[in-house]
Amino acid sequence: MYVTEITSAQNPRLKGFVRLMEKSRERKETGLFLVEGFREILRCIEGGYTLDSIVFNARGATEEQLTALEKRLGNSDVRYYSLKEELYSRLAYREGTENFIAIAKERKLSLTDILFKKENPFPLILVIESVEKPGNIGALLRTADACNADAVIICDPLTDLYNPNLIRASVGALFNLQVATCESREAIQWLKANGIKIFTAQLQDSQWYYNANMAQPCAIVMGSEADGLSQIWRDAADSRIKIPMLGISDSLNVSVSAAVLCYEAIRQRGL
């Protein structure tokens with residue numbers, strides 16, 4: 001393993017890493033993104049992503065961790081950079097990330113690339129329309145992973161999939177999922193062509209979620225907390241469902257709502 005030391009804040013390589021962290025345009029132009037945290041990096045590798053570089057805190061990283069990463073990567077061309085602690089802190093968002101950040105190559109998935117899982121009796125798809133906050137999307141991905149969903153479809157996205165906050169909120173779940181982005185119209189056509197029933201989460205003209213038959217191929221469709229779902233999804237719905245609100249609040253966080261609905265699908269399927 002050859003390690004390059006970065007000791008200056010003016011180092012052009014370090015500046016490039018900072019741009020990847022801060023700017024969506026930089027991520028799109030280079031096809032690279034940051035993965036913060038030792039556990040998340042391992043999940044990224046296990047998910048089949050290609051790493052470009054590994055950056056580590058010279059003061060905190062251990063030989064055991066570096067050796068473990070080197071073994072996982074095998075004979076790859078990954079470059080290693082050692083940063084002084086004060087320089088590493090410019091890239092790290094949170095404490096306790098075990099002193100490692102990876103620069104990985106993004107992976108684009110289209111609807112036609114999605115494969116249904118053989119172990120699932122019926123496909124379960126989570127669809128997200130125009131959810132803006134990266135943290136909410138990351139939490140939705142955690143829910144999809146926990147429920148062993150076949151795929152997540154992000155329609156009309158308002159933030160890029162490899163936003164550092166999104167990756168951090170997903171706790172690496174992004175790397176274990178099939179995630180495709182597209183327009184809502186494309187997603188609706190694909191779902192109907194594959195015989196997947198569309199269940200839209202909405203208040204209007206809806207039934208209680210536990211009365212809907214989710215023991216069949218289905219897509220649970222969530223909109224933004226501010227605006228809900230667009231009319232195109234409401235018109236395409238095979239079933240419109242809602243969650244009882246028994247207190248003064250009229251809604252739940254979108255990731256919480258998705259968890260309730262996805263686990264209901266699992267319950268109905270006896271899994």
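Predicted model: local features only at pLDDT ≥ 70, side-chain atom pairs only at ≥ 80, totals over all residues.
Q: Which residues of α6 are buried?
A: A residue counts as buried under 20% relative accessible area, as exposed over 50%, and as partly exposed in between, with a 1.4 Å probe and protein chains only. In α6 the buried residues are Pro134, Asn136, Ile137, Gly138, Leu140, Leu141, Thr143 and Ala144. Residues are numbered from 1 along each chain as its sequence is written, and side-chain values use heavy atoms, with hydrogens and water left out.

Q: What covers the buried residues of α6?
A: Contact means heavy atoms within 4.5 Å. The cover of the buried residues in α6 includes β6 (124-129), β7 (151-155), α7 (164-170), β8 (179-182) and α10 (254-268).

Q: What does Thr143 touch, not counting residues up to four places away in sequence?
A: Thr143 belongs to helix α6 and is buried, because its relative accessible area is 9%. Beyond those sequence neighbours, Thr143 touches Ser255, Ala258, Ala259 and Cys262.

Q: How many residues has helix α6, and what distance does it reach from its first C-alpha to its last?
A: The expected span of a helix is 1.5 Å times one less than its number of residues. Helix α6 (residues 134-146) has 13 residues and reaches 18 Å from first to last C-alpha, close to the 18 Å expected.

Q: Which residue with a positive phi follows α6?
A: Most residues other than glycine have a negative phi. Asn148, which follows α6, has a positive phi near 55°. Ser130 also has a positive phi, near 50°; this residue is in the loop between β6 and α6 and is partly exposed, because its relative accessible area is 23%. Asp156, in the loop between β7 and α7, has a positive phi of about 45° although it is not a glycine. At 27% relative accessibility, Asp156 counts as partly exposed.

Q: At what angle do the axes of helix α3 and helix α4 cross?
A: Two packed helices are described by the angle between their axes and the distance between the axes. Axes are lines fitted to C-alpha atoms, for helices over the stretch in contact, and angles run from 0 to 180 degrees between N-to-C directions. The axes of α3 (residues 38-46) and α4 (residues 63-73) come within 10 Å and cross at roughly 10°. That makes α3 roughly parallel to α4, since angles under 35 degrees count as roughly parallel, over 145 as roughly antiparallel, 65 to 115 as roughly perpendicular and the rest as oblique.

Q: Which residues in α3 and α4 meet?
A: Phe38, Ile41, Leu42, Ile45 and Glu46 in α3 meet Gln65, Ala68, Leu69, Arg72 and Leu73 in α4. The residues of this contact divide into seven nonpolar, one polar and two charged. Here Ala, Val, Leu, Ile, Met, Phe, Trp, Tyr, Cys and Pro count as nonpolar, Asp, Glu, Lys and Arg as charged, and the others, Gly among them, as polar.

Q: In what order do the strands of the open sheet of five strands lie?
A: Strands of a sheet pair through backbone hydrogen bonds, either parallel or antiparallel. Two strands pair if DSSP finds at least two bridges between them. The five-strand open sheet has the order β1-β4-β3-β5-β2, with mixed pairing. Its edge strands, each pairing on one side only, are β1 (3-6) and β2 (32-36). Neighbouring strands are turned by 25° against each other on average, direction ignored. β2 and strand β5 (residues 100-105) are antiparallel, paired over five bridges, with Glu36 opposite Ile101 in β5. Helix α3 packs on the sheet and touches β2, β3 (51-57) and β5, its direction making about 25° with that of β5.

Q: What order has the open sheet of seven strands?
A: The order is β8-β7-β6-β11-β9-β12-β10, with parallel pairing. Here the edge strands are β8 and β10 (207-208). Four bridges join β9 (residues 197-201) to the parallel strand β11 (residues 218-222), and Phe199 stands opposite Ile220 in β11. Helix α8 (residues 184-193) lies across β6, β7, β8, β9 and β11, at about 145° to β7.

Conventions: Helix = DSSP H or I, 4+ residues; strand = E, 2+ residues; numbered from the N terminus.
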